[in-house]
Amino acid sequence: MNVLLCSINTLKRLYDISAVEVGQHFYWQIGSFQVHAQVLITSWVVIAILLVSAILVIRNLQTIPTFGQNFFEYVLEFIRDVSKTQIGEEYGPWVPFIGTMFLFIFVSNWSGALLPWKIIKLPHGELAAPTNDINTTVALALLTSVAYFYAGLSKKGLAYFSKYIQPTPILLPINILEDFTKPLSLSFRLFGNILADELVVVVLVSLVPLVVPIPVMFLGLFTSGIQALIFATLAAAYIGESMEGHH
């Protein structure tokens, strides 16, 4: 009987860890602004992970790279390839932006799957991956939109806006709408996939033993990485499109 009660309590704790609280947030009042504190906390953790990792690697660079340095050089080369493929020969200045987007989203998504955020209790809401909040995905998409317009204006000046009336002025409303829907599609694509993955795991944990959802959680790690790659690739493609001046 005691063994059965112990097993039930263990499963209950695992269920509580995998639960998702929808529509609840822990707020901080900063001046006249009310912010989602749990998103700031988890974002700071992700930024700290990236900064500490980079500092540990670059503090003792070797001519023949060690495992850590070799891994980071591979990641940099991968980001450069993505940027060059989508933007073209003028990709150089945009590597830091594309790399920041990719690494932040990638580490954010994996932190939500690997770190036991839900063990830390908050008065309201719960800690989760920063990308699990639509405000974060919207902010990332808006940054991409700003970079998109900046790339076009810096390359062509005010002549950049002539693309809106090409090949005919009749397409002006459609061309404008297309530019403003790009960040919206980026945001909802990222947010929707991350939220759907969490909801699938929660439903499976509710319906079947934990041994069944575990493979799905590992699949979630893979799809989280793919989402980061898709976001970074599309951001680079939009910037390259803006610099080329065609749709």
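Modeller: About 40 Å³ of space lies in the largest cavity, where a volume is the space filled by probe spheres set on grid points joined across faces, edges and corners. The model is predicted, so local features need pLDDT of at least 70 and side-chain atom pairs pLDDT 80 or more, whereas totals for chains, interfaces and linings use all residues. Residues are numbered from 1 along each chain as its sequence is written, and side-chain values use heavy atoms, without hydrogens and water.

Colleague: What makes a space a cavity, and what makes it a pocket?

Modeller: On a 1 Å grid over the protein atoms alone, a 1.4 Å probe fits in a cavity but cannot get out, while a pocket is an open set with protein on both sides within 12 Å along at least five of seven lines; lining residues have an atom within 4 Å of a point. Searching the whole structure gives two cavities of 30 Å³ or more. The lining of the largest cavity consists of Ala141, Thr144, Ser145, Tyr148, Lys182, Pro183, Leu186 and Tyr238.

Colleague: Which helix gives the largest share of that lining?

Modeller: Helix 5 does, with four residues. At least two residues each come from helix 5 (134-156) and helix 6 (172-207), where a helix is a DSSP run of H or I with at least four residues, numbered from the N terminus. The lining of the largest cavity divides into five nonpolar, two polar and one charged residues; Ala, Val, Leu, Ile, Met, Phe, Trp, Tyr, Cys and Pro count as nonpolar, Asp, Glu, Lys and Arg as charged, and the others, Gly among them, as polar.

Colleague: What lines the second largest cavity?

Modeller: Leu186, Arg189, Leu190, Gln227, Ile230 and Phe231 line the second largest cavity. Helix 6 and helix 7 (213-244) are the elements that give two or more residues to this lining.

Colleague: How much space lies in the largest pocket?

Modeller: The largest pocket has about 1100 Å³ of space. It is lined by 32 residues, and those closest to its centre are Leu50, Phe72, Val75, Ile79 and Leu103. Helix 4 gives the largest share of this lining, 12 residues. By class, the pocket lining has 25 nonpolar, six polar and one charged residues.

Colleague: Why is helix 2 called oblique to helix 3?

Modeller: The axes of helix 2 (residues 37-58) and helix 3 (residues 67-87) come within 9 Å and cross at roughly 120°. Helix 2 is therefore oblique to helix 3. Angles under 35 degrees count as roughly parallel, over 145 as roughly antiparallel, 65 to 115 as roughly perpendicular and the rest as oblique. Axes are lines fitted to C-alpha atoms, for helices over the stretch in contact, with angles from 0 to 180 degrees between N-to-C directions.

Colleague: Which residues meet where helix 2 contacts helix 3?

Modeller: Ser53, Ala54 and Val57 in helix 2 meet Gly68, Gln69 and Phe72 in helix 3, contact being heavy atoms within 4.5 Å.

Colleague: Why are helix 3 and helix 4 called roughly perpendicular?

Modeller: Their axes come within 9 Å and cross at roughly 115°. Helix 3 and helix 4 are therefore roughly perpendicular to each other. Val75, Leu76, Phe78, Ile79, Arg80 and Ser83 of helix 3 make the contact with Val95, Ile98, Gly99, Phe102 and Leu103 of helix 4. This contact of helix 3 with helix 4 has eight nonpolar, two polar and one charged residues.
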